[in-house]
Structures are given as C-alpha cells and as structure tokens.
Amino acid sequence: MGLRNCQRCGKLFSFFNYEVCRECLPEELADFDKVRSYLEKHPKATLFEIGRETGVKRSVLYRFYRSGRLSGK
Ligand SMILES: [Zn+2]
C-alpha cells in the first residue's frame, strides 16, 4: 500500500488494486468492460482494432495490455 499517481488524471491516491483513483475507477472499469466484451467476439483483434471499435484510448489499451489483463496482441 502506498501513494501512486492515477493513470487517468494524474492525481495522487492511495493504491488499492487499481492503477487509477476512485473518481476515475468507474470510467476505467467501463473501458475495460468494453474491451473485454469486444475481445470475446473478436479474440484475434489487434489493439488498433479494439481502439477503433470500442473508442477506448490507445494509451488505456496499452495499460490494460501491459498489466496482463488482456490476452490480445
Ligand atoms: Zn484519477
């Protein structure tokens, strides 16, 4: 447990399992849901396609991917 910068708004917050603060968490989870359901239908989609189809920012996608939460490419 410690302080981290929120990956969405940059605010310092006390870390609690997510890389974003509590204010950004609903948006973070909504983005992740969109990406996950897109990947269920299109398991071979690239990050580029996922971003285009879901409207989730590329930087957010890379973050999901780097953290191992997505199995896409
Ligand atoms: Zn935030």
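I take helices (H or I, at least four residues) and strands (E, at least two) as DSSP runs, numbered from the N terminus. Under that rule Leu12 is found in strand S2.

Ground rules before going on. This is a predicted model, so I note that local features need pLDDT of at least 70, side-chain atom pairs count only at pLDDT 80 or more, and totals for chains, interfaces and linings use all residues. Residues are numbered from 1 along each chain as its sequence is written.

**Overall fold**

I looked up the element order and got β-β-α-α-α along the sequence, with three helices and two strands in the protein. The C-alpha atoms fill a box of roughly 35 × 20 × 15 Å along the principal axes.

For burial I use C-beta atoms placed from the backbone: a residue is buried if 20 or more others lie within 10 Å of its own, exposed if 12 or fewer, and partly exposed in between. On that count, 11% of the 73 residues are buried.

For contacts, two residues qualify if their C-beta atoms, placed from the backbone, lie within 7 Å. Taking contacts between residues at least 6 apart in sequence, I find that 24% join residues at least 24 apart.

**Strand end of the chain**

Back to Leu12. It is exposed because 9 other C-beta atoms lie within 10 Å. Leaving out residues up to four places away in sequence, Leu12 touches Leu3 and Asn5. I also checked Leu12 against Gly2, ten residues apart along the chain: their C-alpha atoms are separated by 9.9 Å.

Next, Cys9, which sits in the loop between strand S1 (3–5) and strand S2 (12–14). Is Cys9 buried or exposed? Exposed, because its count is 12 other C-beta atoms within 10 Å. Beyond its neighbours within four places in sequence, Cys9 is in contact with Cys21 and Cys24. The C-alpha atoms of Cys9 and Ser67, 58 residues apart along the chain, are separated by 18 Å.

Asn17 lies in the loop between S2 and H1. Its phi is near 85 degrees, a positive value in a residue other than glycine. Asn17 counts as exposed because it has 5 C-beta neighbours inside 10 Å.

**Helix packing**

My axes are lines fitted to C-alpha atoms, for helices over the stretch in contact, with angles from 0 to 180 degrees between N-to-C directions.

First pair: the axes of helix H1 (residues 25–41) and H2 come within 10 Å and cross at roughly 115 degrees. Which residues make the contact? Lys34, Val35, Tyr38 and Leu39 of H1 meet Ile50, Glu53 and Thr54 of H2.

The contact is made by Leu47, Ile50 and Gly51 of H2 and Arg58, Leu61, Tyr62 and Tyr65 of H3.

**Core**

I define a nonpolar core as a set of buried Ala, Val, Leu, Ile, Met, Phe, Trp, Tyr and Cys residues joined through C-beta atoms within 7 Å. The largest one has five residues in all: Val35, Ile50, Val56, Leu61 and Phe64.
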